[in-house]
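Trainee: I'd like to learn how to read a two-chain model. Can you walk me through one?

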Amino acid sequence: MTPSAPRPRAGSLAPLLWPAAVGLLAAALLLLIALPLVALFLTTSPRALLQGLGDPMVGPAIRLSLVTTTASLALVVLTGTPLAWLLARRRGRAWRFAETLVQLPVVLPPAVAGVALLLAFGRRGLLGPLLAGAGVGVPFTRAAVVLAQTFVAAPFYVQAAVSMFKRLDPDMLLVARTLGASRPRVFFRVVLPLSRGGLAGGAAMSWARALGEFGATLMFAGNLSGRTQTLPLAIYTALESDVRTAQSLSLLLLAVAFALLVTIHVGTRR
Amino acid sequence: MTTGALVVELTGQIGTLPLALALKARGGAAPVVIVGPNGSGKTSALMSIVGALKPRTGRIALGDETLFDADRAVDVPVEARRIGFLPQRFALFPHLDVLGNVAFGLGAAPRGEREQRARAALRELGVEALAGRRIEGLSGGEAQRVALARALAPGPRALLLDEPLASLDVAVRRDVRDFLVAHLRTLGIPTVIVTHDRADAEAFGGDVLVMEQGRVVQQGSLAALAAEPATPFTRQFAGGDGPPRTDG
């Protein structure tokens with residue numbers, strides 16, 4: 001034998017150890033994510049599914065979720081687009097701070113968001129007296145549902161929009177103006193067409209987050225059937241009485257989420 | 001067609017660097033060529049003229065119209081200055097085809113008329129055949145002609161070009177340069193060109209304005225600069241020592 005480093009003998013398992021470890025750990029997580037989703041399907045039948053969807057709380061919850069998420073998405077796009085434009089274009093510490101602030105709801109526990117919204121818009125909150133003076137009570141209304149959804153979902157849209165806007169060539173925007181285009185025209189004819197895909201993706205993610213909003217809604221808007229009981233809250237309530245209803249609604253939301261992801265992937269690949 | 005002279009006299013700020021610029025470009029005369037080392041304020045000078053950077057003091061006038069006057073608080077917005085601008089990488093709109101790019105600046109006219117005028121602008125530059133093409137497929141030389149057609153289509157009163165040849169392959173640079181020199185001569189509008197290439201300055205043949213650290217340090221014909229260079233950069237650029245660069 002030469003005094004070189006010992007080589008693995010033929011037939012040794014050592015070369016397999018690394019790939020095996022990588023594969024096993026990866027499979028463990030994949031399984032952890034897949035198993036609950038598979039369970040949603042395997043533990044029901046089409047009949048039970050339809051029966052679950054027949055529960056009287058289902059219709060109002062679907063309707064309310066559609067109405068409120070449409071409203072919050074409109075609010076997010078209408079206000080988030082200008083905000084993202086400013087965040088992408090402006091330099092300076094204050095704007096960087098604002099950019100961080102907008103991202104905060106992503107990492108904030110929803111319960112904290114609920115408390116914060118109550119302390120801002122609640123009867124005894126910061127704006128409470130002002131709103132009461134105007135005869136407006138926000139908490140435990142549809143408006144509260146929309147506000148909670150907007151609060152937690154806006155960052156997904158704004159972040160996507162900022163990164164799209166930052167990618168635009170500043171020379172291109174300047175050339176557009178030297179060609180006689182006003183700022184609004186540059187925005188609608190150059191900026192928006194070039195950012196459309198990213199904005200749609202951000203809007204979809206934001207809408208999905210709003211659709212799933214639970215914690216902040218529960219604390220700030222309550223769980224009133226027909227008024228503030230959105231789909232996730234209906235699932236929560238159904239779980240106490242009829243698991244089938246909870247399961248049916250869960251499958252419904254899962255299907256929507258999956259369809260949305262596929263759409264985004266297909267959309268961004270083009 | 002001849003329009004009035006472009007007269008620029010301004011001071012401003014680029015980051016921490018003070019900017020001081022004075023130039024006069026006449027329609028029908030050879031273009032004014034701005035040269036200078038990287039970061040000397042050449043591009044900022046163009047940005048100020050076009051209206052994207054706001055100078056601190058001074059005046060910019062085009063013919064008998066004042067575009068900027070700090071004392072009288074005149075500051076005509078970019079879109080109303082009617083100054084054509086060709087940035088270094090041309091900045092064509094990737095979501096529009098060639099014809100759409102050129103028609104962009106013909107805003108108010110009816111669609112049919114816009115297309116007709118855009119086609120005419122492309123024809124002027126010998127690239128009408130590209131009208132239906134997408135931007136991504138264009139070669140550097142083609143992209144430049146399309147960008148020039150786009151800038152000229154609305155009938156600008158002056159033209160600014162930022163390193164118009166820098167992003168082109170060396171192989172095609174000389175042809176494109178010859179074309180550009182010949183074409184600019186036919187326009188008759190005040191033209192300012194930023195370049196770092198001596199061959200460009202020589203070909204365009206006008207006054208050369210040397211910028212260093214935000215200010216104009218010397219101005220004159222290339223020969224005059226070579227004869228009495230004020231700074232080491234000028235000596236190197238104008239060819240005071242060594243043979244002139246011939247990379248085109």
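This is a predicted model: local features need pLDDT of at least 70, side-chain atom pairs count only at pLDDT 80 or more; totals for chains, interfaces and linings use all residues.

Trainee: What is the mean pLDDT of chain B, and what share of its residues reach 70 or more?

Mentor: The mean for chain B is 89, with 95% of its residues at 70 or more. There's a stretch to watch, though: residues 241–248 of chain B stay under 50 in pLDDT. The model still has 14 contacts beyond four places in sequence for that stretch.

Trainee: Got it. On to chain A: how many helices and strands does it have?

Mentor: You'll find 12 helices and zero strands in chain A. Written along the sequence, that gives α-α-α-α-α-α-α-α-α-α-α-α.

Trainee: How much of chain A is buried?

Mentor: Buried residues account for 32% of the 270 in chain A. Sequence separation is another thing to look at. Take the chain A contacts between residues at least 6 apart in sequence: 76% of them join residues at least 24 apart.

Trainee: Now chain B. Which domains does the assignment give?

Mentor: Domain 1 covers 1–82 + 159–242, and domain 2 of chain B covers 93–155. So much for the bounds; now the spacing. The C-alpha centres of domain 1 and domain 2 of chain B are 25 Å apart. Seven residues from domain 1 of chain B and four residues from domain 2 of chain B take part in their contact. On the domain 1 side, the classes are five nonpolar, one polar and one charged.

Trainee: Why is helix α1 of chain B described as largely enclosed?

Mentor: Count its buried residues: nine of the nine in α1 (residues 42–50) of chain B are buried, so the rest of the structure largely encloses that helix. Among them are Lys42(B), Thr43(B) and Met47(B). Just after α1(B), check the backbone too, where Gly51(B) has a positive phi of about 105°.

Trainee: In the largest nonpolar core, which residues touch the most other members?

Mentor: Ala148(A), Val102(B), Ala149(B) and Leu160(B) do, out of 124 residues in that core. Helix α7 (residues 142–167) of chain A brings the largest share, 17 residues. Both domains of chain B take part as well, with at least three residues from each. Zoom in on Val102(B): beyond its neighbours within four places in sequence, its contacts include Ala118(B), Leu122(B), Val146(B) and Ala149(B).

Trainee: Last one: how many residues does each chain bring to the contact between chain A and chain B?

Mentor: Chain A brings 15 residues and chain B brings 16 residues. On the chain A side, α8 (170–178) and α9 (183–211) each supply at least two residues. α8(A) gives the most, with seven residues. By class, the chain A side has nine nonpolar, three polar and three charged residues.

Conventions. Residues are numbered from 1 along each chain as its sequence is written. Chains are lettered from A and ligands numbered from 1 in the order in which they are written. Helices (H or I, at least four residues) and strands (E, at least two) are DSSP runs, numbered from the N terminus. A residue is buried if 20 or more other C-beta atoms lie within 10 Å of its own, exposed if 12 or fewer, and partly exposed in between; C-beta atoms are placed from the backbone. Two residues are in contact if their C-beta atoms, placed from the backbone, lie within 7 Å. Domain bounds come from an automatic or database domain assignment. Ala, Val, Leu, Ile, Met, Phe, Trp, Tyr, Cys and Pro count as nonpolar, Asp, Glu, Lys and Arg as charged, and the others, Gly among them, as polar. A nonpolar core is a set of buried Ala, Val, Leu, Ile, Met, Phe, Trp, Tyr and Cys residues joined through C-beta atoms within 7 Å. pLDDT is the predictor's confidence in each residue, from 0 to 100.
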